[in-house]
Amino acid sequence: MSELNRDALPMLDDRRDVTGTDDVENLLTEALRRLRLPNAYGVLLEGSVAEGFGNRTSDIDFLIVTEGPQSKRLPTVMFIDGRRVEIRIRCATEIADHAAHILGAGAGGGARIAALSRDELDIFQRFSHALVLRDSPVVRLLLAAHDRELFKSIALRWHALRAIRASNRAWLMLHFGNSESSAAWMRNALVAAGKAGVAAAGELYITDKWLDLQYRRATFDKTLRERMWSLVGQRPTEDELTEHLGKCLLLMKDLGVEGSQTDLNEVQIVPRAGITTWQLGAQVCVLRDRTEIYVLGSTAARVWRSIVFWTPIAQVIKRGRVDEKDARECIERFHRLGLIEVAWADGDTWLRMGAAPMVLPAGPFVSFDGFRVAQLGSKDVALFAVPAARLCFSGAEFVWASMCLENAWEDFIGVYEQKHWKLVQTSLQRLVSWACLILFSAFGVSPAPDIQEVTARIDEIPAVSPDLAAEALRLRLLDCDCEADAIAGRKEVEAFLHKVKEIIGGRLFPSSFEHADDWRSSLEYGFEWGRLASFIDPTLSADGRSFPVEEVRDMLAVNQGETRAEAIGVATYAGNDFGRWRRGARDPSTERDNHRP
Amino acid sequence: MKVLVTGASGNLGTEIAHALVQANHGVVCAMHQKADLVRNDGTALPLTCDRLEELGPGSIASISADVTQPDLGISPSSRAWLLENIDFVIHSAAMTDFGLKEEVYEEVNIRGTQNLLSLLSASARPIRLIHVSTAYVAGFWDGPFGEDDFDNGQEFGNPYEWSKFESEKIVRAAIASGLSAVIVRPSIIVGESQTGQIRDFRHLYPLLRVVGAGRVRSMAGRYDACVDLVPIDYVASGIAMIVDRFEDYLGQTLHAVSGSPLTVRDLSNVLAEFPSMYVPRILPPATFDRSRLPSLERAYYERLVRLFEAYFVRSVEFRAPRFTTLMGPVRLPDSRTVFRRLIGYGLRVGYFGPANVGAEQGRLADA
């Protein structure tokens with residue numbers, strides 16, 4: 001591979017501002033010295049820095065293209081001059097296969113595109129938009145195969161489908177009378193529609209978090225940006241919700257996204273695997289996965305008995321012979337508890353929701369360093385009343401959410417220094433969401449609610465006071481337009497995090513992203529939880545959602561026998577890029593947007 | 001080949017007729033009552049010939065017949081034509097409903113078969129017979145029951161089973177006297193294997209309806225008792241195939257069964273997957289006393305459930321190597337899946353409760 005001739009680079013376009021290129025060069029030299037990689041075809045800089053979104057705290061992401069024999073699932077992390085450097089190693093054939101897979105899905109139409117995971121698209125986009133630092137004919141051939149025009153149409157469609165699914169869900173929550181969740185899902189739909197809008201203008205970076213920068217950079221109707229942030233920041237009352245959702249649909253349409261379904265007659269109740277119904281005397285009991293049993297009150301039982309699968313919700317509500325509002329409430333609860341699924345009438349849109357909080361009055365019992373047992377005597381042997389799988393998946397989710405919290409904090413620092421107030425706003429909001437997810441995990445809730453609606457649901461945890469729940473909702477919509485807002489917002493969010501720490505009865509995670517030692521300790525906790533979860537269920541699938549325990553398993557798999565990283569004094573990193581190499585269909589509307597820059 | 005199908009307007013009979021037409025045979029449908037032929041999926045099976053003389057490959061005609069009458073009550077001209085032209089008779093006419101007087105079964109199932117054999121014996125040329133019996137001629141036989149098993153001294157669960165045993169005995173005697181025949185014994189015929197669709201909700205279905213709705217909460221039975229459910233499409237296509245491979249099975253008996261029986265426990269586990277379906281209590285027959293049921297429940301029990309009690313206590317295991325060989329690569333879905341589909345279908349079309357708007361979508365999604 002040859003040294004970079006910057007003038008000859010076809011990929012550099014004038015929109016990108018890659019600051020500190022010399023630093024990058026120095027970091028690469030040092031990283032390559034430590035790694036001593038044979039048979040590399042080339043090196044590229046990818047991710048947020050290559051994209052022009054980098055800041056002081058951004059990771060430097062290097063991609064090394066090798067002959068093979070195979071790609072490394074997870075990147076190597078090193079800390080050089082205080083900068084965190086991630087090095088991914090991918091073999092040329094895997095890069096080519098991956099590109100063919102993505103572009104092939106484009107030819108396959110909507111269902112194939114919707115089935116692509118965010119990770120898969122992200123991998124393609126990062127490579128196709130990378131900066132070549134060490135060039136070679138192989139790298140050029142690979143880049144030439146990454147058809148950006150075709151990818152643009154795929155990414156646009158993918159974001160649009162995601163927006164439609166999230167807005168469908170918002171309307172469903174409206175019908176269920178759950179206005180906070182409805183508004184939360186619609187916010188998610190607007191952001192996805194915004195991503196579709198900027199994608200149409202050529203801004204293809206997949207992750208949501210730099211959307212505002214993409215808006216600003218794109219040749220684009222700027223009023224759309226303002227309308228989006230204005231609607232995203234609103235918290236409509238129950239009476240205002242229908243009108244608000246209508247406005248959001250109009251904006252989505254202006255962003256080029258149409259096709260949302262708003263009618264309960266278009267939503268069907270469908271079976272969820274592992275759910276059975278049993279009668280005990282007059283009592284109706286619903287069993288889940290032969291491990292958990294739910295006892296239904298008389299109204300709930302009547303509504304439950306009226307469920308016929310593949311029937312529109314509106315029809316089931318009528319059949320229940322109970323008050324319509326009660327019936328809606330019951331069906332919403334069944335759905336939330338994961339006892340049923342719903343599908344939109346087009347047949348390919350499926351929704352899943354998490355399980356009910358299984359809260360022990362004794363308080364939180366999961367933490368990153370083990371279980372919390374109140375007054376555990378030195379000779380006690382305590383039995384948990386909560387199933388082991390649920391506890392252990394909660395632990396793995398706890399670790400995961402903590403890492404994401406750290407990542408949001410790091411982003412906050414970076415964008416604060418850049419005085420980019422909209423991004424300060426979103427990173428503070430992300431901090432609040434991840435803290436709420438940590439709360440759910442700490443109370444053994446697995447699978448936890450979707451990240452989009454965790455703030456709307458923490459009032460379900462008894463240990464969370466109504467005030468704190470209200471604060472979460474408010475902070476999730478925190479607005480930030482100037483430095484004073486940022487300072488005030490940071491103070492409030494820090495106070496919120498402090499209260500969360502108090503409830504879970506311990507510290508949050510080590511500062512994983514700043515120092516190698518902290519990172520190593522984060523990983524160790526992750527390994528322990530992941531190992532336990534993988535022993536309980538080797539397939540590591542919690543409620544059909546393979547996230548994040550499967551990623552923890554990957555982390556484990558890679559680290560076993562991975563002595564080279566140890567030898568050169570770096571930890572193998574599996575942070576927010578967990579599962580990057582994994583292929584598999586997920587519903588984009590439920591996918592967590594938590595990728596590293 | 002020219003094939004006469006008795007009981008052609010029945011759910012199975014029509015499917016057999018259709019499978020024969022598909023295989024390019026000429027089919028004469030003997031029907032008790034003048035009616036249009038309706039397939040299992042609800043579509044019409046149109047008659048393509050007005051007169052028997054027009055019957056050619058892949059065409060279909062009908063005659064009026066009543067198996068309880070001498071010569072099946074067929075007109076002399078039709079009779080003459082049939083005896084001169086027909087190559088095969090598939091005898092699927094039978095009284096299969098439960099709970100009727102013994103005389104009805106005797107008249108239709110036993111005398112009907114006798115009448116048919118008398119008619120065939122009047123033919124100067126050999127006419128081959130495929131006799132549709134039932135696997136439940138095994139009665140209360142416990143354990144394996146092979147395709148060559150017949151009279152093991154078993155007792156019967158109801159007059160229907162007895163009448164089918166007796167009619168099969170007549171056919172076996174005729175075979176011993178030189179009749180070219182094959183006997184096919186289906187188990188409990190249920191909906192189509194992929195969709196669960198069924199034209200006539202009979203036999204097991206009314207029982208499932210009453211139990212699923214919670215009208216009868218308790219019944220006598222054993223959780224380890226076995227029930228064999230076989231999809232209608234599997235049976236119909238198998239019988240039609242025998243026409244082409246008749247010589248391979250001449251004088252033999254084939255079990256048209258799923259081969260993977262469901263235990264009563266399996267059945268109730270699948271019922272539990274449907275929120276609106278009640279799972280019945282299965283109580284040991286020795287201690288179950290139906291007279292102690294609440295009055296409404298007892299009425300349902302007496303009228304319907306009692307007729308099926310026999311199916312929920314026995315553990316007969318049908319062996320079917322011949323039929324499996326005949327079907328070759330055709331494999332049925334797992335029996336639980338079949339049962340799940342038939343319940344799902346019944347729910348979607350409102351048989352097990354009110355009809356649903358989304359029925360068609362559900363059918364597609366399940367398929």
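**Cavities, a buried serine and a strand pair**

The structure, a predicted model, holds 10 cavities of 30 Å³ or more. A cavity is a set of points, on a 1 Å grid over the protein atoms alone, where a 1.4 Å probe fits but cannot get out. Grid points are joined across faces, edges and corners, and a volume is the space filled by probe spheres set on the points. Local features need pLDDT of at least 70 and side-chain atom pairs count only at pLDDT 80 or more, while totals for chains, interfaces and linings use all residues. Residues are numbered from 1 along each chain as its sequence is written, chains are lettered from A and ligands numbered from 1 in the order in which they are written, and side-chain values use heavy atoms, with hydrogens and water left out.

The largest cavity contains about 510 Å³ of space. Its lining (residues with an atom within 4 Å of a point) numbers 22 residues, and those closest to the centre are A:N188, A:V191, A:D208, A:R430 and A:R476. Two or more lining residues come from each of α8 (179–200), α10 (222–232) and α16 (421–442) of chain A; α16(A) gives the largest share, 5 residues. Helices (H or I, at least four residues) and strands (E, at least two) are DSSP runs, numbered from the N terminus. By class, the lining has 8 nonpolar, 5 polar and 9 charged residues. Here Ala, Val, Leu, Ile, Met, Phe, Trp, Tyr, Cys and Pro count as nonpolar, Asp, Glu, Lys and Arg as charged, and the others, Gly among them, as polar.

About 130 Å³ lies in the second largest cavity. Of its 13 lining residues, B:L208, B:L267, B:L271, B:P280 and B:F312 are nearest the centre. Helices α5 (204–212) and α8 (264–271) of chain B each contribute at least two residues to this lining, which consists of 12 nonpolar residues, 1 polar and no charged.

Elsewhere in chain B, B:S163 sits in helix α4 (residues 159–176). Not counting residues up to four places away in sequence, B:S163 touches B:Y105, B:N109 and B:I110, contact meaning heavy atoms within 4.5 Å. The side chains of B:S163 and B:N109 are joined by a polar contact of 3.0 Å; such a contact is a pair of N or O atoms within 3.5 Å, and within protein one must be able to donate a hydrogen and the other to accept it, with residues adjacent in sequence counting only if both atoms are side-chain atoms.

Strand β5 (residues 128–132) of chain B has 4 of its 5 residues buried, so the strand is largely enclosed by the rest of the structure. Strand β4 (residues 88–91) of chain B runs parallel to β5(B), joined by 4 bridges; pairing requires at least two bridges found by DSSP. Within this pair, B:I90 stands opposite B:I130.

Key:
1 Å grid on protein atoms, 1.4 Å probe; cavity = no way out; pocket = protein on both sides within 12 Å on 5 of 7 lines; lining within 4 Å. Buried < 20%, exposed > 50% of the residue type's maximum accessible area, 1.4 Å probe, protein only.
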